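Keep the viewer open and follow along.

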Amino acid sequence: MINPFFKNTGPYKINFLLKHINLKIDNLPDDKITDIKDLNSSEKSEITFLHSKKYTDLAKKTKASYCLTSENFQSFLPDSCNAIITDKVLLHTAQITKIFYPDSITDDYDNTVKDINETEFKGKVNFGKNILIGDNVKIGKNCSIGHNSIIEKNVNIGDNCSIGSNVIIRNSLIKNNVHILDACVIGKKGFGFFPNKDSNFRYPQIGIVIIEDNVEIGCGSTIDRGSLSNTIIGKNTYLDNQIHIAHNVKIGENCIIAGQVGFAGSSTLGNNVMIGGQAGISGHLKIGNNVQIGGGSGVIKNIPDNSKVMGYPAKDLKNFIRENK
Amino acid sequence: MINPFFKNTGPYKINFLLKHINLKIDNLPDDKITDIKDLNSSEKSEITFLHSKKYTDLAKKTKASYCLTSENFQSFLPDSCNAIITDKVLLHTAQITKIFYPDSITDDYDNTVKDINETEFKGKVNFGKNILIGDNVKIGKNCSIGHNSIIEKNVNIGDNCSIGSNVIIRNSLIKNNVHILDACVIGKKGFGFFPNKDSNFRYPQIGIVIIEDNVEIGCGSTIDRGSLSNTIIGKNTYLDNQIHIAHNVKIGENCIIAGQVGFAGSSTLGNNVMIGGQAGISGHLKIGNNVQIGGGSGVIKNIPDNSKVMGYPAKDLKNFIRENK
Amino acid sequence: MINPFFKNTGPYKINFLLKHINLKIDNLPDDKITDIKDLNSSEKSEITFLHSKKYTDLAKKTKASYCLTSENFQSFLPDSCNAIITDKVLLHTAQITKIFYPDSITDDYDNTVKDINETEFKGKVNFGKNILIGDNVKIGKNCSIGHNSIIEKNVNIGDNCSIGSNVIIRNSLIKNNVHILDACVIGKKGFGFFPNKDSNFRYPQIGIVIIEDNVEIGCGSTIDRGSLSNTIIGKNTYLDNQIHIAHNVKIGENCIIAGQVGFAGSSTLGNNVMIGGQAGISGHLKIGNNVQIGGGSGVIKNIPDNSKVMGYPAKDLKNFIRENK
């Protein structure tokens with residue numbers, strides 16, 4: 001899939017890219033590099049990265065022509081892939097991604113927006129006052145958009161959706177029958193950067209937000225877009241007010257998530273998960289199907305299917321009840 | 001009181017209503033039903049519901065002509081009330097409520113709003129730019145409304161109120177000397193629905209928000225309206241920023257509630273209650289008068305008058321301190 | 001520094017001020033009082049206050065001509081300073097501050113704002129639609145302001161700043177390279193008042209918000225201005241979404257604060273502090289340099305430099321891990 005939201009400014013010659021990150025490697029052919037992707041999705045003439053042994057199996061099959069990696073991982077790359085050795089794999093990956101996708105670093109306002117009355121949607125969509133719509137937005141049949149809302153360029157909204165007032169949506173694909181209530185911010189860049197004294201280096205955020213059919217998002221919630229993968233809210237999942245979903249989080253189908261719950265980045269939820277109010281889910285966790293998480297819990301490790309947990313840190317619900325009698 | 005916010009589309013014949021919920025009961029007279037209410041407030045020619053033994057005493061005195069209930073509760077109804085037996089009392093109550101009040105299911109924007117300059121309030125209210133006011137709004141003397149705020153139809157605001165910027169108010173009665181700070185969303189539908197694979201069924205939310213005299217609501221707070229009863233904030237209660245109050249919550253007078261506190265649905269607070277930042281109050285609880293709840297606490301059971309509690313789950317403050325020495 | 005945000009309506013005669021707070025002191029010369037400040041910064045002809053023995057050393061050196069204080073502290077004042085004895089030092093300080101700075105009590109909208117197209121910034125700043133700018137705002141080079149944002153009077157924004165959409169900024173000094181993402185409310189009055197049955201007395205909030213170079217503030221965050229001192233976010237500190245910072249909080253440089261964290265008033269953070277999501281910091285605490293606070297923690301006491309803590313209440317991280325094995 002071509003990402004409709006972030007324009008690839010490439011191709012770039014490999015030596016141009018390396019010069020920008022202050023790496024010098026002798027005897028490289030000056031190939032054109034067309035894109036940067038993860039190990040799995042990259043193709044010939046693209047550059048990828050390998051920074052953890054978790055991904056060595058994927059590395060063996062990558063089709064990328066170049067790979068940023070450290071000395072100890074280079075042996076996992078196929079012959080068709082030239083290793084670029086560095087001790088700062090992720091920082092250099094971010095810097096090269098920034099060269100390809102400079103717009104993904106900061107989230108300045110969309111300067112293509114027009115008042116909806118000046119667009120094709122006049123007469124086709126039910127809409128309130130002062131609504132701004134960016135270039136190339138698509139909105140399906142029978143949708144409603146509240147006052148002062150902003151739909152930025154290239155956003156795609158399906159049929160029968162209800163968007164509240166004071167909502168901001170960017171970099172997102174919204175399927176059918178989705179309700180997004182007032183004052184939500186959907187598709188903002190994630191909280192990702194390399195700490196650096198006096199001036200952090202922002203990590204490019206070129207993923208998007210995908211909201212599947214029949215989802216409801218409560219007032220004042222924020223859903224950040226993915227960095228290199230996407231943030232996904234599964235079918236018929238309902239979120240209450242003031243929820244925060246960080247970048248790359250993937251939530252399954254038929255989940256029920258109460259008010260003020262927060263997700264750190266890159267966690268995955270199964271289907272039919274219920275989460276009580278104010279619970280927090282740490283980053284990079286895997287929560288199974290049919291899991292129930294009590295209100296106020298702090299989840300800091302993976303949870304298998306069909307578990308009920310509560311507490312801070314979250315533990316088996318029966319233990320939590322027994323310990324707190 | 002006639003609810004000014006949700007138009008009753010009835011009356012409907014009882015057989016029409018039953019057909020819509022796929023119930024068939026022989027030999028019913030085809031009476032007109034004028035409204036659906038709880039056991040206590042319903043009148044002759046109205047339909048009510050009884051789903052829990054907690055309410056059997058109220059059931060004995062109901063004036064409703066019909067009552068959705070299960071087989072084991074029907075004996076509590078007076079002779080004047082016809083039992084409609086179902087094993088899905090709440091779902092069928094919701095479905096019939098939706099027939100009477102279709103606008104209470106979704107919260108599409110108010111399409112009656114006009115720029116405040118085109119309304120009677122020009123010259124009578126102090127107001128900023130880009131303010132939208134719905135039909136039949138009432139605003140008292142000496143009020144101030146900030147930029148970009150939206151006051152939807154039928155909202156009633158008393159004297160000497162200050163409404164911030166980017167505020168959205170709907171389905172609410174605001175008394176006198178109330179301050180609502182920036183970016184609040186007041187009166188949105190509550191988070192109520194029957195879970196249903198692939199497509200949940202939303203519960204009608206026909207209650208309102210009542211904010212009594214001298215209340216202050218901090219920035220970015222959300223107060224949901226009631227489902228069948230109302231959400232109430234008592235006199236001279238002050239709420240800090242980013243607070244979430246779910247549907248049907250009733251907060252007493254002179255309470256002080258710090259930032260990021262969250263309330264699940266239908267809990268009741270007494271007067272003079274103090275709650276520290278980020279505390280959470282579970283649903284359907286009764287918190288007494290003069291209670292103090294420490295910051296970060298998770299309250300999961302009723303709290304008697306004059307108690308001081310802290311912890312997760314919240315316990316007597318002295319115990320919390322002793323255990324954490 | 002003259003506070004550019006709150007107009008001093010003085011000078012007032014001392015007997016006029018005392019009459020307003022129902023204090024009568026015989027034989028006072030009817031001096032003009034030009035301002036009210038803390039012990040340290042007040043000058044001749046100004047009034048100050050002393051309510052705690054923590055400040056007796058400062059009291060000895062105050063240059064103020066008058067000081068509100070209680071009987072037991074009056075001996076700490078120099079001869080040049082007349083003690084005004086009261087048993088309600090803070091309430092009377094607030095009441096006199098309100099006389100000098102009546103605009104600091106409530107936060108009505110700024111009625112000086114104009115559409116940015118009618119201002120000097122047209123052609124000089126990159127900006128979206130429907131932006132409102134108050135009198136005497138300063139904006140540096142190469143800034144970007146998103147749709148529907150409001151910059152109230154006297155706000156000062158440096159160079160290379162990016163302000164999102166639906167943002168409200170008042171009473172703030174924003175330095176260079178600062179990014180404030182969508183839907184933030186910066187500079188609102190703090191949550192400060194004297195509880196009083198039926199009608200609380202609001203404490204004047206005449207401090208400001210200072211945001212240093214290279215800071216990022218995530219979506220939907222609220223940063224309240226100081227009451228008598230300022231709220232400060234240090235250089236290169238990054239805040240995630242939905243964070244609440246109460247009045248007078250001072251955050252150091254290079255801090256990283258994850259989503260939904262909350263700070264109660266007047267706490268101080270050192271440099272290089274990392275705080276996980278949903279943690280809460282109580283009021284009036286001192287958190288040292290290089291401290292790491294785990295997600296969901298509740299910090300209720302001071303934390304020395306270089307500590308790692310987690311838990312509710314927060315304790316040494318190693319203890320938290322051991323106890324939760």
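Start at the contact between chains A and B: 36 residues of chain A are in contact with 34 residues of chain B, where contact means that C-beta atoms, placed from the backbone, lie within 7 Å. On chain A, the side that touches chain B divides into seven nonpolar, 25 polar and four charged residues. The classes are simple: Ala, Val, Leu, Ile, Met, Phe, Trp, Tyr, Cys and Pro count as nonpolar, Asp, Glu, Lys and Arg as charged, and the others, Gly among them, as polar. Bear in mind that this is a predicted model, in which local features need pLDDT of at least 70, side-chain atom pairs count only at pLDDT 80 or more, and totals for chains, interfaces and linings use all residues. Residues are numbered from 1 along each chain as its sequence is written, while chains are lettered from A and ligands numbered from 1 in the order in which they are written.

Over at the contact between chains C and A, 36 residues of chain C touch 34 residues of chain A, and the side belonging to chain C has seven nonpolar, 25 polar and four charged residues.

How are chains A and B related by rotation and shift? A rotation of 120° with 0.0 Å of shift along its axis puts chain A on chain B, with an RMSD of 0.0 Å. That is the relation of a three-fold axis; the superposition is by least squares on the C-alpha atoms of residues with pLDDT of at least 70 in both copies. Only 19% of the interface residues of chain A are also interface residues in chain B, so the copies meet through different surfaces.

Now zoom in on helix H3 of chain A, residues 89–100. Helices here are DSSP runs of H or I with at least four residues, strands are runs of E with at least two, and both are numbered from the N terminus. H3(A) has twelve residues and reaches 17 Å from its first C-alpha to its last, close to the 16 Å expected at 1.5 Å a residue, that expected span being 1.5 Å times one less than the number of residues. Its buried residues include His92(A), Ile96(A) and Phe100(A). Buried means 20 or more other C-beta atoms within 10 Å of a residue's own, exposed means 12 or fewer, and partly exposed is in between, with C-beta atoms placed from the backbone. The buried residues of H3(A) pack against several elements of chain A, among them helix H1 (14–20) and strand S4 (46–50).

Pairing takes at least two DSSP bridges between two strands.

In chain B, S36 (308–311) and S37 (314–316) pair in the antiparallel sense over three bridges, with Met310(B) opposite Lys315(B). A hairpin of two residues joins S36(B) to S37(B).

Finish with the loop between S36 and S37 in chain A, which holds Pro313(A). The peptide bond from Tyr312(A) to Pro313(A) is cis, with omega near 0°.

Terms used: Two residues are in contact if their C-beta atoms, placed from the backbone, lie within 7 Å.
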